Structure formats: C-alpha cells, structure tokens
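Subject: Structure handover

Hello,

Please read them with the model open beside you.

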Amino acid sequence: MEYHPGGEDELMRAAGSDGTDLFDQVHRWVNYESMLKECLVGRMAVKPTVSKDYQEEKKTLNGLLPKGPVTEIVAKEGPSSPSYDWFQTDSLVTIVIYTKQKDITLDSVIIDHQDDCFRAEIIIEDYSYLMHLRLSHKTEEDSSVRVVENVGKIEIVLEKKENTSWKFLGHPLENHNSFTPKKDAGMYYRKCQLISKEDVTHNTKLFCLKLPPGSHLHIPIGQHVYFQQTIGGTEVVKPYTPMSNSLLSDFKEPTLHSNKFLFFLIKIYPSGLFTPELDHLEIGDSVSVSSPKGNFKVSQLQGLEDLFLLAAGTGFTPMVRILIYTLTSIPSLRKAKLMFFSKTENDIIWRSQLEELSYKDKRFEVEFVLSAPTSEWNGKQGYISPALLSEFLKRTLDKSKVLICICGPTPFTEQGIRMLHHLNFSKDEIHSFTG
Ligand code: FAD
Ligand code: NAD
C-alpha cells in the first residue's frame, strides 16, 4: 500500500473481491509481458462470494478505521497534491498522474512536449500541478491522453523513438512536481501556426490557429487565452476568446473539429496596438498562445431552463460556445435568447447563421439592437437600457433557473450589470465577462 501511487483508497476498492474489471479500467498498461509474469501464482478458479460479516472482519484486520474529523478538515483546506508514476514497454512510455479527484476531465490536462522537454499541467479546482522534465530519451512529440474520470487518474502515453529500456524518466526542470495555487503559476505560451484568416464582417476576421504536435490543450467553455507578440521590441499580451468556426456545423456535430485547431473571431482596430500586427500575419506564421484563464464554470449551465445572452460587438465571442453547449447538452433548457448590440447592420457578426439557428431550433431567439442604424433599419435601436432588458428577460416559468451572460465594451457591461440588479436578478444569475 505504501508503494502503490494510488494509495490505500485505490487498492481497497478491490479488496476481498475480484479486481479484474477495476484493474482493466485503470491499469491496462501494466501488462503481463512487461511486469506481471513475475507475479503469477496461479489461476483464480472460483469467484468467491463475500459475506457482509466477512467484509466487516476484513476491515478490522487491515486496521482500517472510519475516517475521523482530522481527514475531513484537511480535505476542506484544498485538494491534496497529485503524484505520478511511469511504466514502459519496448515501444511506449506511460506516465500516470494520480490526482485522486473525481471531477478531472480532459479539459483539466494541458500537455506541451517539444524535443525532449515535457511539460504536463493538471488543473485541479484553483490549483495547478506541474510535471516538467527533460526526458531521458527521445520520443515522438504527439502523445495520447486518457482520463479515468471516476478515480481522477490521467495516463499520458509517449511513443519511444528507439526501443531501448529507459532507466529513469528524465531530469527535473523548473517547478517540476509542484502544486501551487493557479494564480501563482506562471503563464505558459506555445507557438501556434496560423492556418487561415477569413473576413467575417468589414472589420472582423476568423483566425484558425493550429496547436503544435506535442500540445494537448482543451479550452474550457467560457474561458479565454492570451496571445503574445513582440511589437517594436516589447512583448505585448492581449486576451482572446476561442469559439467555433461556425454556429451551424458545430451545432449539428460538436466533435467535428479536431482539438488541434483553435478559432478566434477578432476585430481589427486600424489604430490599435495589437490587432493590426495580427492582421499582418501570413498563413504559416506563428502566434504564442497561453493556457486558458477565466472564471466561467460549465457547471453554471447545469439544470438551466432559461439562458439570456447580452452581447455587444466582439463581446459575442464567449457566447458562441456557451450557446452551442447549452442547446446540445442541457436537456432542461427551455429557452436561449441572445440580445446582440452592434453599431450598424454591417457590424453584426454571423447574422445569417444566428437567424438560421433560430429557424432550426425553436428554443433559440435572437434580437439585434443597433446603436447607429441607417434610416432603413426597422428593428430595435439604442444602447442597453432597462426598458430593453425588462421586455427581453422574460422567464419561461415563474421560478425557472436562469443565467444571464453579459459581455462587451466596459461601459456596456457595467451599465448592464447595474440594470440587471435593479431588475432583481441575483449575483448567481448573472455572469459578466470582463478582463
Ligand atoms: P488597442 O490598442 O487596445 O485599441 C483599441 C481601440 O481603442 C482602437 O480603436 C484605439 O484607437 C482605441 N484606443 C486605445 N487607447 C485609447 C485611449 N486611451 N483613448 C481612446 N481610444 C483609445 N477581442 C476580439 O476581437 N475577440 C475576442 O475574442 C476577444 N476576447 C477578449 C477576451 C477578454 C477576456 C478581454 C478582456 C478582451 C477580449 N478582446 C477580444 C479584446 C482584445 O483583448 C483587445 O482589447 C482588442 O483586440 C484590441 O486590441 P488592440 O491592441 O488592437 O487595440
Ligand atoms: P463596438 O464599439 O462595435 O460597440 C458594440 C456595441 O456596444 C454598440 O453598438 C453599443 O450598443 C455598445 N456600446 C459601445 N459603447 C458603449 C457605451 N459607452 N455605453 C453603452 N454601450 C456601449 O464594440 P467592439 O469594438 O466590438 O468592442 C467589444 C468589446 O468587448 C471590447 O471592449 C472587448 O475588449 C470586449 N470583449 C470582452 C471579452 C471578455 O471576455 N471580457 C470578450 C470579447 C470582447
């Protein structure tokens, strides 16, 4: 038990019974040829039936006592640090990280592997666990990642370049095996390649970036990343929100696009500092992209009945994935409404896609509001106002579970939040996207 990286809890899950299923689920890589041959003592002939009394007796024999108050106090202070282990076959090296957390998903795992430098960051609640090594031998940069969600185990499989036996995994690099609050963990950037750049409106473009082969990075819904570029000899960093390349193709098939591609809709400000530089990038050029940041949690959408999205200009970007996810994955949803504030008709992003989506899915409604319309516009106009909001924010049921997301220029968001409070929406019912 002391040796096993998953510890006592993990082992006791199979105590006194046939552990084959559990073993296959979490230990497929510990195979007969490389390790287990040595441990074979005979074949299990009969599956024993274990009486309740016997289990009780066994617990006492192992000295296991019910968890006392001390353990609970420790658990309340934050998650315990993960640990890791590794194993090899002739052609593969498997790194196993034991987080002992139940809510670990692929979104929690960030891998960057280039040449022999291997970096794996695991996000656990507000903490970050880092493995950072110079691997002892060469491997392919691409790795496969698997998460066993119910036990919080992460398996990263690397393919050896040569079939030699490794004596050790690698040399520790900066902050290896550290577990720190996320806010104290430094920002890591990987170089992504520009694959395509398409006009969306007269001043916004859809950029497609490709992650390097050794990177595994899922950006959680509602979160953003930072781009870094050197402009006039100075490093400049600005946040951008990944979205999908279309509202409709992703709506039909959320897994269509490989996780290697990231899509960003970016407004180019001719007199801005950063976006003209982005606009000048050629296909094949690279941009440094950080790991995800942000405080939106997808759990805010669970059990939701009414979703209201208030977006102004490029403040539309975080709404895209939230909308797609809610329509496809939240069965309790009755209504999703977007009020989209733009200056003119030419500034409306993805107008025809939004209209088509509202036609195809009757739960979705969109309303465009223009602040500088031409005389031909017969829709809503003006800035965000209590009158517009109180008419728009109608619950489908008196006490329906509601979430209002708001994003846009700072004055828009600040005024909007104040108006929402006046309309008696609680803090929990409002999520604002700010810097
Ligand atoms: P800036 O140099 O910041 O200038 C922007 C505009 O303001 C220009 O017109 C400029 O002339 C004017 N300006 C600058 N300084 C002043 C001043 N002192 N007085 C008056 N005017 C001034 N943008 C997107 O397009 N897509 C996204 O997905 C996206 N996601 C974001 C996510 C977050 C969390 C945040 C906070 C912002 C996001 N943004 C997004 C905005 C983005 O980060 C940049 O602010 C934007 O791209 C402008 O950058 P810039 O350096 O080109 O312009
Ligand atoms: P814009 O200048 O084209 O304006 C769009 C609409 O915003 C206007 O039509 C108007 O209705 C409203 N608006 C603008 N100024 C206002 C004011 N002073 N008071 C009330 N309403 C006002 O918008 P843009 O250039 O696309 O800017 C989008 C903004 O959204 C940027 O500031 C960007 O930083 C922000 N943004 C934030 C996030 C985030 O996650 N925090 C993501 C994307 C964009």
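A backbone N or O atom of Pro 239 lies 2.7 Å from an oxygen atom of ligand 1, which is a polar contact in the sense used here (a pair of N or O atoms within 3.5 Å; within protein, one must be able to donate a hydrogen and the other to accept it, and residues adjacent in sequence count only if both atoms are side-chain atoms). At Ser 271 a polar side-chain atom is 2.7 Å from an oxygen atom of ligand 1, and at Leu 273 a polar backbone atom is 2.9 Å from an oxygen atom of ligand 1. On its own, ligand 1 has 970 Å² of accessible area, of which the protein covers 59%; the areas come from the Shrake-Rupley method with a 1.4 Å probe, and for residues only the protein chains shown count as cover.

This is a predicted model, in which local features need pLDDT of at least 70 and side-chain atom pairs count only at pLDDT 80 or more, while totals for chains, interfaces and linings use all residues. Residues are numbered from 1 along each chain as its sequence is written, chains are lettered from A and ligands numbered from 1 in the order in which they are written, and side-chain values use heavy atoms, with hydrogens and water left out.

Around ligand 1 there are 18 residues, and Pro 239, Tyr 240, Ser 271, Phe 274 and Thr 275 come nearest; a residue is near a molecule or strand if one of its heavy atoms lies within 4 Å of it. By class, this shell has 7 nonpolar, 9 polar and 2 charged residues (Ala, Val, Leu, Ile, Met, Phe, Trp, Tyr, Cys and Pro count as nonpolar, Asp, Glu, Lys and Arg as charged, and the others, Gly among them, as polar).

The elements that give two or more residues to the shell around ligand 1 are β14 and β16 (261-267). Helices (H or I, at least four residues) and strands (E, at least two) are DSSP runs, numbered from the N terminus. β14 and β16 both belong to an open sheet of 7 strands, ordered β14-β13-β17-β10-β11-β16-β15 with antiparallel pairing; two strands pair if DSSP finds at least two bridges between them. The edge strands are β14 (234-240) and β15 (242-243), each pairing on one side only. Strand β13 (residues 225-231) is joined to β14 by 7 bridges, and Thr 230 has Glu 235 in β14 as its bridge partner.

Now ligand 2. Which residues come nearest to it? Of the 21 around it, they are Lys 267, Tyr 269, Thr 314, Ser 342 and Ser 371. An N or O atom in the side chain of Lys 267 is 2.6 Å from an oxygen atom of ligand 2.

β19 (335-342) and α10 (410-422) are the elements that give two or more residues to the shell around ligand 2. The largest share, 3 residues, comes from α10. By class, the shell has 9 nonpolar, 10 polar and 2 charged residues.

β19 is also part of an open sheet of 6 strands with parallel pairing, in the order β21-β20-β19-β18-β22-β23. Its edge strands are β21 (380-381) and β23 (430-432). Strand β20 (residues 364-370) pairs with β21 over 2 bridges, and Val 369 stands opposite Lys 380 in β21.

Regards
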